[in-house]
Number of protein chains: 2
Amino acid sequence: MTIQLAEVGEVPALEQCIQASKVSCSNCRLNSSCLPLVLESDKIMYLDDIIQHHKSIQKNQHLYQEGDEFRSVYILRTGAIKAYRTTDAGLEQVTGFYFPSEVLGMDGICNNFHGSSAKSLEMATVCQIPFTSLEKLSTKMPNLQHYFFQLMSRQIKEGQQLITLLSKNSAEERVASLMLSLSACNARRKLSATRIRLPMSRADIGNYLGLSVETVSRTFTHLQKMGILRVYNKEIEVLDTAGLQNLAREFKPYEKCG
Amino acid sequence: MTIQLAEVGEVPALEQCIQASKVSCSNCRLNSSCLPLVLESDKIMYLDDIIQHHKSIQKNQHLYQEGDEFRSVYILRTGAIKAYRTTDAGLEQVTGFYFPSEVLGMDGICNNFHGSSAKSLEMATVCQIPFTSLEKLSTKMPNLQHYFFQLMSRQIKEGQQLITLLSKNSAEERVASLMLSLSACNARRKLSATRIRLPMSRADIGNYLGLSVETVSRTFTHLQKMGILRVYNKEIEVLDTAGLQNLAREFKPYEKCG
DNA sequence: CGTGCGCTTGATAATGGTCAAGACGCGTGG
DNA sequence: CCACGCGTCTTGACCATTATCAAGCGCACG
């Protein structure tokens, strides 16, 4: 039997309000955690000029696909997106989950083709930033240039953390780490740190963590039996944060530092 | 019994010649595969001004360590370097091997501290580029800015490839992939594609590939029994490139695209 | 009220880790 | 030049974790 948790996701009324109003970086509610933060307020208008606000994507649609020509990077405003690559054997490898205010698509810069696909896990909206415009603007705004260097540097570092997790940690530690990360991600977004809604399937989680679906499922059950989590399908309640941290250590991909 | 392979590494005489002469980007023999390539030749002097050429590092010394303040990025000129992080549990996680003309240290940009350590596997020389100078120069030289965006993008992509390798491939496939990568790396450097000298230990290889030393060793012997490689300690001879590619697929971290 | 997909659970098997011992190779010092 | 010793590599035996296969459950959706 499923117990309905309190609303932990976006507030629908607010969402609609945002979507209805004419959007610009100045009145966007991500403002405080988003890109324009690094710019002097009188320069946000330049950024506003090149950003294409409010592109929306239905659930399970692609924002871009591996091999598509790279033209823009994207900032996620609402919803959730998974990034994945397709292996030579035709298997899918999930490389990351993205939440509001995060920047996607920068792995396409190196050879002008997207190196991964981005598919929405639920209805999502993004801002699109044409990359050549961004580069031009960056030469004029050292802050902006620096911000993007930082952003990419962080993604490199997060990749290294995931590599470490995959090669050194057990199934239990991997799942615990992910839950802790999502909790931190919620906290950053001013949502509950103890109630996590998972927009992705067990298969996606397993794929991301290098585990089979079955192992993910078993691990959830086990963490529940240990009294660390309570699992209601895609709603996770963290009962023992310290216990979770004890298992996790390492790996904090969603504790963004910028 | 060990059979001595032909010289496959750097040519000592040439090395010494380079080290003796006054170095600058214009007369550096990496020239054609290195950073200045992207600059108009009359602008190389600006880069030359900020680069500190020819810093040398003894075997097993650190170029920088995790947690050190981030000030510069480095280009490896000769030798080989491994990058690694230390996990919370105090274990080492090798995140990459670097060879001449590759750029190190960019994971430190995001929070001004190096996110990994870099230790030389053999006597090495590097060029040091103070990052703030580089950023300043980048605002004036769009090509340079673009080059560094590409470089970091590529590192993100390579991280994703390693992640895929770790979560989807068997021990055999991982080792085969690494050998193929090193072969490609040699080829890029105009060295033999079939004779590979491994500057790193079996332990480093295992650590990088998420395997135990024993498994790495067993895998080498197995690949040898299959007639794909011949293993003389740290000298590897590739007997069947196609067979190796067959096992590898995926994962080409050293086939740099820029 | 079915039908199907996603999730859970159980039984079994395989890959690779761990522990232990021995071989080899290299540098040191006699 | 050889003997020694240590560190690295290899090999073997055993074991643990997790994948795979299989079946059943439950919720969502038509």
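Reader: Which strands of chain A form an open sheet, and in what order?

Author: In this predicted model, four strands of chain A form an open sheet in the order β2-β7-β4-β5, with antiparallel pairing. Strands here are DSSP runs of E of at least two residues and helices runs of H or I of at least four, numbered from the N terminus, and two strands pair if DSSP finds at least two bridges between them. Local features need pLDDT of at least 70 and side-chain atom pairs 80 or more, while totals for chains, interfaces and linings use all residues. Residues are numbered from 1 along each chain as its sequence is written, with chains lettered from A and ligands numbered from 1 in the order written.

Reader: Why do β2 and β5 of chain A stand at the edges?

Author: β2 (62–64) and β5 of chain A each have a single partner strand, so one side of each is left without a neighbour in the sheet. From one strand to the next, the twist averages 30 degrees.

Reader: How do you know that β4(A) and β5(A) pair?

Author: Strand β4 (residues 81–86) of chain A and β5(A) share six bridges in the antiparallel sense, where at least two are required, and Arg85(A) stands opposite Gln93(A) in β5(A).

Reader: Which helices lie on β4 and β5 of chain A, and at what angles to β5(A)?

Author: Helix α6 (residues 202–209) of chain A lies across both strands at about 100 degrees to β5(A), whereas helix α4 (residues 142–168) of chain B touches β4 and β5 of chain A with its direction at about 125 degrees to that of β5(A). Contact requires C-beta atoms, placed from the backbone, within 7 Å; angles run from 0 to 180 degrees between N-to-C directions of axes fitted to C-alpha atoms, for helices over the stretch in contact.

Reader: Which strand gives the most to the side of domain 1 of chain A that touches domain 2 of chain A?

Author: The domain assignment, automatic or from a database, gives domain 1 (12–157) and domain 2 (169–248) in chain A. 10 residues of domain 1 are in contact with seven of domain 2, and strand β5 (residues 92–98) of chain A gives the most to the domain 1 side, with four residues.

Reader: Why is Lys190(A) called exposed?

Author: Lys190(A) has 9 other C-beta atoms within 10 Å, and a residue is exposed at 12 or fewer, buried at 20 or more and partly exposed in between. Lys190(A) lies in the loop between α5 (171–188) and β9 (195–197) of chain A, with a positive phi of about 65 degrees although it is not a glycine.

Reader: What makes Asn60(B) count as exposed?

Author: Asn60(B) has 10 C-beta neighbours inside 10 Å and therefore counts as exposed. Asn60(B) lies in the loop between β1 (52–57) and β2 (62–64) of chain B, and its phi is near 70 degrees, a positive value.

Conventions
Contact = placed C-beta atoms within 7 Å.
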